[in-house]
Amino acid sequence: MCIKSAHCARKSPSVDRRQLPLGKIRLKPYARFLTSASEVLAMSPNAHQPSVEALSPALEGDHWIEPLRDGTRVLIRPLREQDRGLEEAFIRELSSEAKRYRFLGDFKEPDKRMVDRLMHVDYEHDMAFVALAHDNGRLREVGISRYSATGDGRQCECAITVADDWRHRGLAVLLMRHLIEVARKHHFKRMFSIDDNTNEPMRELAGFLGFACESNPGDPRTVVYSLPL
């Protein structure tokens with residue numbers, strides 16, 4: 001239940017609940033990773049429209065091929081250092097509104113220090129899941145969820161971003177489900193997010209996932225969403 005803030009009125013987003021069960025796929029580890037669209041294209045019999053499954057043999061560890069509401073499939077896996085170029089392009093292509101909602105500010109280009117910080121993932125205190133898809137013949141990052149542990153090690157702050165042209169397909173729910181599952185496995189007690197109080201998509205997503213909402217006494221322009229784990 002949302003509390004304390006008029007900005008926290010809960011709505012149900014247009015999410016198909018049938019997509020919520022997560023189909024986990026484990027594949028054997030391989031020694032190398034695909035890091036460029038050209039390598040992916042080379043693996044597909046149809047060079048103009050490679051399948052997302054073309055990525056999976058080159059990935060190590062846990063990952064998931066997930067169907068979205070419109071039938072499109074995306075590959076979700078932990079963020080890796082090799083994804084730096086994809087992450088930079090993803091941030092660069094976000095709309096001004098999406099950048100403001102995600103970073104609580106606007107900019108044209110992500111600077112090196114920002115990208116360094118976002119790419120720092122140790123898979124325990126800091127975690128990120130990236131969603132990859134083929135879009136007009138190129139490998140593209142279309143969404144990412146992440147958390148970072150607070151100083152006490154009992155809580156983690158989360159964030160979720162989906163490319164503007166990939167919204168309203170259920171991708172944010174899938175990315176957050178994986179993130180919440182991992183946070184619980186690492187024994188965090190609470191997950192929270194601080195967001196712009198005009199961010200309607202985040203309000204709907206947080207309510208759907210069971211996050212409580214309260215006003216932020218330190219900044220009336222933002223609200224705090226929290227989920228006991």
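## A buried strand and its partners

Strand β3 (residues 73-78) is largely enclosed by the rest of the structure, because 5 of its 6 residues are buried. Here, buried means under 20% relative accessible area, with exposed over 50% and partly exposed in between, using a 1.4 Å probe and protein chains only. Strands are DSSP runs of E with at least two residues, helices are runs of H or I with at least four, and both are numbered from the N terminus. This is a predicted model in which local features need pLDDT of at least 70 and side-chain atom pairs count only at pLDDT 80 or more, while totals for chains, interfaces and linings use all residues. Residues are numbered from 1 along each chain as its sequence is written, and side-chain values use heavy atoms, with hydrogens and water left out.

Let's look at the neighbours of β3. Two strands pair if DSSP finds at least two bridges between them. β2 and β3 run antiparallel, joined by 4 bridges, and they form a hairpin with 5 residues between them. Gly71, in the turn, has a positive phi of about 95°. β3 also pairs with β4 in the antiparallel sense, over 4 bridges. Ile76 in β3 stands opposite Trp64 and also opposite Ala131 in β4.

## Aromatic pairs and charges over rings

The whole structure holds 2 aromatic pairs. Rings of Phe, Tyr and Trp (its six-membered ring) pair if their centres lie within 6.5 Å; planes under 30 degrees apart count as stacked, over 60 as edge-to-face and the rest as tilted. Trp64 and Phe129 are edge-to-face, because their ring centres are 5.6 Å apart and their planes meet at 70°. Trp64 in β2 (residues 62-67) and Phe129 in β4 are 65 residues apart, so this pair links distant parts of the chain. Trp64 is buried at 5% relative accessibility, and Phe129 is buried at 2%.

The pair of Tyr147 and Phe188 is also edge-to-face, with ring centres 5.2 Å apart and planes at 70°. Tyr147 belongs to strand β5 and Phe188 to the loop between α5 and β7, so the contact ties together parts 41 residues apart in sequence. Both Tyr147 and Phe188 are buried.

A charge sits over a ring if NZ of Lys or CZ of Arg is within 6 Å of the ring centre and within 35 degrees of the ring normal. Arg102 has its charged end over the ring of Phe103, 4.6 Å from the centre. Arg169 lies over the face of Trp166, at 4.1 Å from the ring centre.

## The largest pocket

On a 1 Å grid over the protein atoms alone, a cavity is a set of points where a 1.4 Å probe fits but cannot get out, and a pocket is an open set with protein on both sides within 12 Å along at least five of seven lines; lining residues have an atom within 4 Å of a point. Grid points are joined across faces, edges and corners, and a volume is the space filled by probe spheres set on the points.

The largest pocket holds about 1000 Å³ of space. Its lining has 47 residues, with Arg102, Ala159, Ile160, Thr161 and Met202 nearest the centre. β6 gives the largest share of that lining, 6 residues.

## Enclosed cavities

The structure has 2 cavities of 30 Å³ or more. The largest has a volume of about 40 Å³, and its lining residues include Arg102, Phe103 and Thr161. α2 gives the most to this lining, with 3 residues. The second largest cavity has a volume of about 30 Å³, and α2 and β5 each supply at least two residues of its lining.
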